[in-house]
Amino acid sequence: MSFHPFSSDPPTASSLADARRLLDQNNASLAVLDREIEAAEAQLAQIVAESQDAIKQLQRERAILEEKVVRALAYMSPIRRLPIELLRHIFMMNFDEYPCCAWILSSVCSQWRRLALSMPKLWSKIRLVTTPNASADTIRLWLERSGSCIPLDVEIFLHVPDAAATTPTPRSRTRSSQWPTFLSNNATTTTHYVQIQASQPTTSIQIVPSTPPIILPHSPPHYDWPGSLSPPPPPPSTMATTNQSRASSHWGHIAIYYLVKEMHRWERFVFRFDRQFPSWQALKSVSGPAPLLKEFEVSCAEPMYYSEWPWLPSANPNTEVVLPKLETVTLQYAPFKWSSPMLKTNLRSLNLRTVPTTSIHIDRVLLIVSNNKTLEDLSLHITTVLNHVLPLSQTTLPNLKTLSVGGHYLMASLVDSLVTPNLCSLTLNIDARDPIDDSISNLVTRSSHPAIHTLSIAYGSNGPPFYGGLIASWGFLNDLNHLRTLQVGCTPLDPLFAVLGTAEEDVLGVMCPFLEHLALRGCPAHSDGVTKLVQMVDARNPDGTPHTAPGTALGGTATPVKMRRLEMYECAVLGQDVVAWLKSRIDDVVCVDPPFERCEYSVVCNWP
């Protein structure tokens, strides 16, 4: 062969012919090898496929056997031998701790579902967080499963999206609010807790449940698809928006209709929402006998503007109401009449907050209070108050422990008319025109110096500081020897620090010797305000002297308990060195500088 593949000589005719012949032979060999490889791969693929089929068949057989094993173990499980009566008892124990457990228990197995559905008591506590766009059938189903005679405990929180909110009237202003913050310890738990917070403006309030409700998954959106057991996925945006708007406009009428039908079974009714919604006036139909009702609440986080309402809290004085067990009434930004028979039932707890457009004479406010001499908890926030028509008479509330008064400056005259010998907590958020320290001092004197442990003055107010002096003199603190918590807002700091840090001539030691928690919000301070703060803390929390109960120091002066928490929100700029010093003396310090004097270091300090 004249062709050599590694030759560097120019090719000749014979070498080219040899090269072509060699190339054809190599290509033929490659084709043979490719066919052999393809055949081997096909054979391997067939073996793999057959093996996989065999494996799958074995897996199916194993799954069948495992299922039989599981069923056998389930059949042999001790819980299958548990008597129904004992299982009922276990369900009820779970219900006491988790009111919504029926939904979970009824989804475990058919036997548990039948048992849960046969126990109306298990469905008697409604705890629901929902929106107007959701279906009201959840409430209907809950009520149906609770039977016809079991007392009902209803707690509903309605979140109204901005798009569904009613357009405010010209007298109202647009408000924004935050919907509840959902808190959960871990992702697998079935219990969640809700806290409803309102926005900062003064017309918004905080609605916080005393017992955080358990939240079920939100009800499915409502779609009008006849003949379908379960709604299909929502169609394109136009139809979905239309159907949700339709559901939103009718939610209140449907839900309240179902609830009012069972009003004779209400033991507790709590309905809270963050703003007006299209069908909110369905609440007008809440009327009729409620022989089991103990607690009634309708609260909105923002003012509702309404006309005359013929519902239970606005019933005419001559209307006969059947509320023999009613003890607690809460109406926040909801309509009511001062003469309603509902407010004359010897309540133990009363919480009223009016909208700015509702006015009431102060003597009629006092009449509401005097009609309920057994009150233990009283909270009144009346925005628009008129002068009294009838003279105000002294009213004694012998069982009152918590008193909160806010709103119009004339509400101070209500405080001047009360006698509360067992008062423990006093909160005043009055838009006062004059100092209110005399009102506090006279209340304490008239009430024979009750053991008040919590005092809050203008702490919930978001208005500007009262530079004229909301408190002319802090001398009344001398009468509050049991005070443990003091909250103050919109009041100059210097006089307060002065009396809390130094002993008066006629006082053995400093004032309020049991004071452990001091909270200040929006309180202005003069140039020496920080100095007086340091002096006050140094007097109450001396360095290296851990004391937990008042005692007698050298010289005969009483030493106060150690202050454990100090909060200062937008009061004065302290500086890093002062904050560090406060940290060394007080266990828990929270300090937020005024917004117009922010500095480069961290101004929010939370120390254990």
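Author: Let's start with helix 5, residues 137-145, where Thr138, Ile139, Trp142, Leu143 and Arg145 are buried. Looking down the axis of helix 5, those buried residues fall within an arc of 165°, so they line one face of the helix. Keep in mind that this is a predicted model.

Arg140 is partly exposed, because its relative accessible area is 26%. Once helix 5 is over, you run into Gly147, which has a positive phi, near 80°.

Now for another helix with a buried side. In helix 12, residues 576-585, the buried ones are Val578, Val579, Leu582 and Arg585. They cover an arc of only 125° around the axis, so they end up on the same side of helix 12. Over on the other side of helix 12, Gln576, Asp577 and Ser584 are exposed.

Lys562 forms one with Asp587, with the closest N and O atoms 3.5 Å apart. This pair links distant parts of the chain, 25 residues apart: Lys562 is in the loop between strand 20 (558-559) and strand 21 (565-569), while Asp587 is in the loop between helix 12 and strand 22 (588-592). Asp587 counts as partly exposed because its relative accessibility is 32%. Asp587 also forms a salt bridge with Arg564, where the closest N and O atoms are 3.3 Å apart. Again the pair links distant parts of the chain, as Arg564 lies in the loop between strand 20 and strand 21, 23 residues from Asp587. At 33% relative accessibility, Arg564 counts as partly exposed too. Elsewhere, salt bridges that share partners join Arg127, Asp153, Glu155, Arg268 and Glu295 into one network.

How about the strands? Strand 8, residues 349-353, is mostly covered, with 5 of its 5 residues buried. Ser349, Asn351 and Arg353 point one way from strand 8, and Leu350 and Leu352 point the other way. Strand 8 pairs in the parallel sense with strand 7 (residues 328-332) over 5 bridges, and Val329 stands opposite Leu350. Strand 8 also pairs in the parallel sense with strand 10 (residues 377-382), over 5 bridges, with Arg353 standing opposite His381.

If you're wondering about cysteines, the count of disulfides comes to 0. Take Cys490: the closest cysteine sulfur is in Cys523, 6.6 Å away, so the two are too far apart for a bond. Cys490 counts as buried because its relative accessibility is 6%, and Cys300 counts as buried at 0%.

Finally, a look at the surface. Val69, Leu73, Tyr75 and Met76 form a nonpolar patch there, with about 470 Å² of accessible area together. Val69 is found in helix 1, residues 13-76, and counts as partly exposed at 46% relative accessibility.

Conventions. Residues are numbered from 1 along each chain as its sequence is written. This is a predicted model: local features need pLDDT of at least 70, side-chain atom pairs count only at pLDDT 80 or more; totals for chains, interfaces and linings use all residues. Side-chain values use heavy atoms; hydrogens and water are left out. Patches are made of residues with over 30% relative accessible area and no salt bridge: like charges are joined within 9 Å, nonpolar side chains (Val, Leu, Ile, Met, Phe, Trp, Tyr) within 5 Å. Accessible areas come from the Shrake-Rupley method with a 1.4 Å probe; for residues, only the protein chains shown count as cover. A salt bridge is a side-chain nitrogen of Lys or Arg within 4 Å of a carboxyl oxygen of Asp or Glu. Helices (H or I, at least four residues) and strands (E, at least two) are DSSP runs, numbered from the N terminus. Buried means under 20% relative accessible area, exposed over 50%, partly exposed in between (1.4 Å probe, protein chains only). Two strands pair if DSSP finds at least two bridges between them. The arc is that of the directions from the helix axis to the C-beta atoms. A disulfide is a pair of cysteine sulfur atoms within 2.5 Å.
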